[in-house]
Amino acid sequence: MSAAPLPIPAGVSGVSAGAPIRQSSLWQDAWRRYLRNRGAVLAGGIFLLIVGYCIIAPIVSPHDPNRVHFPDAYQGPSWSHPFGTDQFGRDLFTRTALGGRISIGIGFGATLAILAIGVVYGAVSGFVGGKLDNAMMRFLDALYGLPYLPFAILALAIIGTVNFWTMVVALSIASWFITARVVRGQILTLKENDYVRAAHAVGLRSYAILSRHLLPNTLGILVITIFLELPGVILGEAFLSFLGLGINPPDASWGSMAQDGRDAYRAHPHLIVIPSLAIATLVLCANFVADGLRDALDPRTRET
Amino acid sequence: MAAYIIRRVIWTVPVVLLVILVTFLLMRQIEGNPFRKTERAVPAAVQENLERKFKLDKPWYVQYAQYVKGVVTLDLGPSLVLRDRSVNDIVKEQFPRSIELGLYAFGWAVLFGVPAGIVAALRPNSRFDYGAMLFSNVGFALPNFLVATLLIYYVSLKWGLLPTSGWESWKHKLLPSLTLGLVPMAYFARLVRGTMLETLQADYVRTAKAKGLRWRRVVGVHVLRNSLIPVVTAAAPLLGYIITGSFIVENIFAVPGIGRYYVTAVSARDYSVVMGLTVLLSIIVILANLLVDVLYGILDPRTREART
């Protein structure tokens, strides 16, 4: 280094004239706050670990997840089969990972669909305001807490086939009410900001205001919402599949694996316990991540 | 307040009509109408009579109007599969059991969840608090079919204490209601803890303490009263949880209620039953919301202004 800078006297903070002030964006701040929350970091780590296991295990596993081999049926956990085997002698370590791909995939798919519907409904309601807003919100008030399961079952009956995408539709069809309300609330608050008034004043069109100034600022809330909605959707998929109305063989999800294990749980409880615990762990982690994200992105609502 | 209640009540009517309409239109989309000509060959006259009996020969809006009339007069029409029974018969027979199950589950939740939340809030960051919140988190995450299976496995099969399934004596009702009550319990514990902590920091609580009121009285009169309001308002969303949960719990414990029958009816393509039950459950949730909103206004005067 040539031309060493003037020494800064001790006791004065490290900000020297001319040096750029270290800026930290909203997201960097949030990330820092998140990292300070040990529970949320641990939960996020386990969450990623499960997702990684679901992606990698079927690729590296020496066992063919669909190979039926009856002499190996109903084995308990061992070195070669860490999660044991099912009634057809298929390796559960590999199959649980495959089931996880479908369960988590449907979970994220339906969550994104819920977000999409909720954002459109909430943004229109909050942005247009007035009578339309009133009508749209009274409608949501009345539907609050409507059970999604009957409507999911109905939707599947109508579509007639059960696969990944129809499950996504079925699980999002009656689950977006809360998200819509949250987005609307956020838009209402943001609308009062001076920069939005300024944008109105300089004659920006409504669409531009909505897409450039309002929606980007709901992003934080939406990230939280992803992890708030995910547990419900993953459990919903599991319920549907457990009732025999969801994912069908030869595909498997954690819910349908639990259903398979139901017949033999008296003698071989691991068949139902392993996929159920996979669901429980993922849901537990998602809840902790959601809490951590809420504290990090929206410090005002931090719980005491 | 009166204006708010009236407006809220009036708004319920179009929402109910809309929910019936959506359900009705959804049902019409289902492939495999039991009287489709392709399903089986019946004489034309019989087909005509069948369609007339179930009013399938009219245009859809007439059918819809007639269905709404049926809902209003509490007549949900005949079952398509069980020849001699109407949807009303099925509701009358099965619904009381589901209500009983749901009430017990709610009872467990209030009995354990609310006190757990109160004690946790009074001793924040204590061992009890951590334990209660751990329980709450785990309670949310465990799928109820795992809870049910484990309870049956240990309590019924290993220890032989309670029957595995059925719905006769209190012994049969214990395990299903506990399983179904777990999520509401976890919910109440967390909710009550949160609102209590918030109330404990309120100025009026500090004032009550400062003027020398005994702590027990402060908590009993000022804190509890204000922190338990959310318990009332949470009842409506919890109803949704309980309905969803009852589908699984009734299925596993073989409780002959609505949740179990719904799944049977879907598999049997008994669409009038499916539709009737969907409409019934939706209306119950909508009415519960209405009741809670009105109660909320009465219990917490602060919300009246904001909500009108």
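This is a predicted model: local features need pLDDT of at least 70, side-chain atom pairs count only at pLDDT 80 or more; totals for chains, interfaces and linings use all residues.

Author: Residues are numbered from 1 along each chain as its sequence is written, and chains are lettered from A and ligands numbered from 1 in the order in which they are written.

Reader: How many helices and strands does chain A have?

Author: Helices (H or I, at least four residues) and strands (E, at least two) are DSSP runs, numbered from the N terminus. Chain A has twelve helices and zero strands.

Reader: Is chain A compact or spread out?

Author: The radius of gyration is taken over C-alpha atoms, and the globule rule is 2.2 Å times the number of residues to the power 0.38. For the 304 residues of chain A the rule gives 19 Å, but the radius of gyration is 25 Å, well over that, so chain A is more spread out than a compact globule. Its C-alpha trace spans about 75 × 65 × 35 Å along the principal axes.

Reader: What share of each chain is buried?

Author: A residue is buried if 20 or more other C-beta atoms, placed from the backbone, lie within 10 Å of its own. Buried residues are 42% of the 304 in chain A and 37% of the 308 in chain B.

Reader: How many residues of chain A are in contact with chain B?

Author: Two residues are in contact if their C-beta atoms, placed from the backbone, lie within 7 Å. In this model 37 residues of chain A are in contact with 41 residues of chain B. On the chain A side, H12(A) gives the most, with eight residues.

Reader: How do I describe two packed helices, and at what angle do H7(B) and H9(B) pack?

Author: Two packed helices are described by the angle between their axes and the distance between the axes. Axes are lines fitted to C-alpha atoms, for helices over the stretch in contact, and angles run from 0 to 180 degrees between N-to-C directions. H7 (residues 170-200) and H9 (residues 215-227) of chain B pack at about 135 degrees, with axes 9 Å apart. Angles under 35 degrees count as roughly parallel, over 145 as roughly antiparallel, 65 to 115 as roughly perpendicular and the rest as oblique; H7(B) and H9(B) are therefore oblique to each other. Among the residues that make the contact are Val192(B) of H7(B) and Val223(B) of H9(B).

Definitions and conventions. A residue is buried if 20 or more other C-beta atoms lie within 10 Å of its own, exposed if 12 or fewer, and partly exposed in between; C-beta atoms are placed from the backbone.
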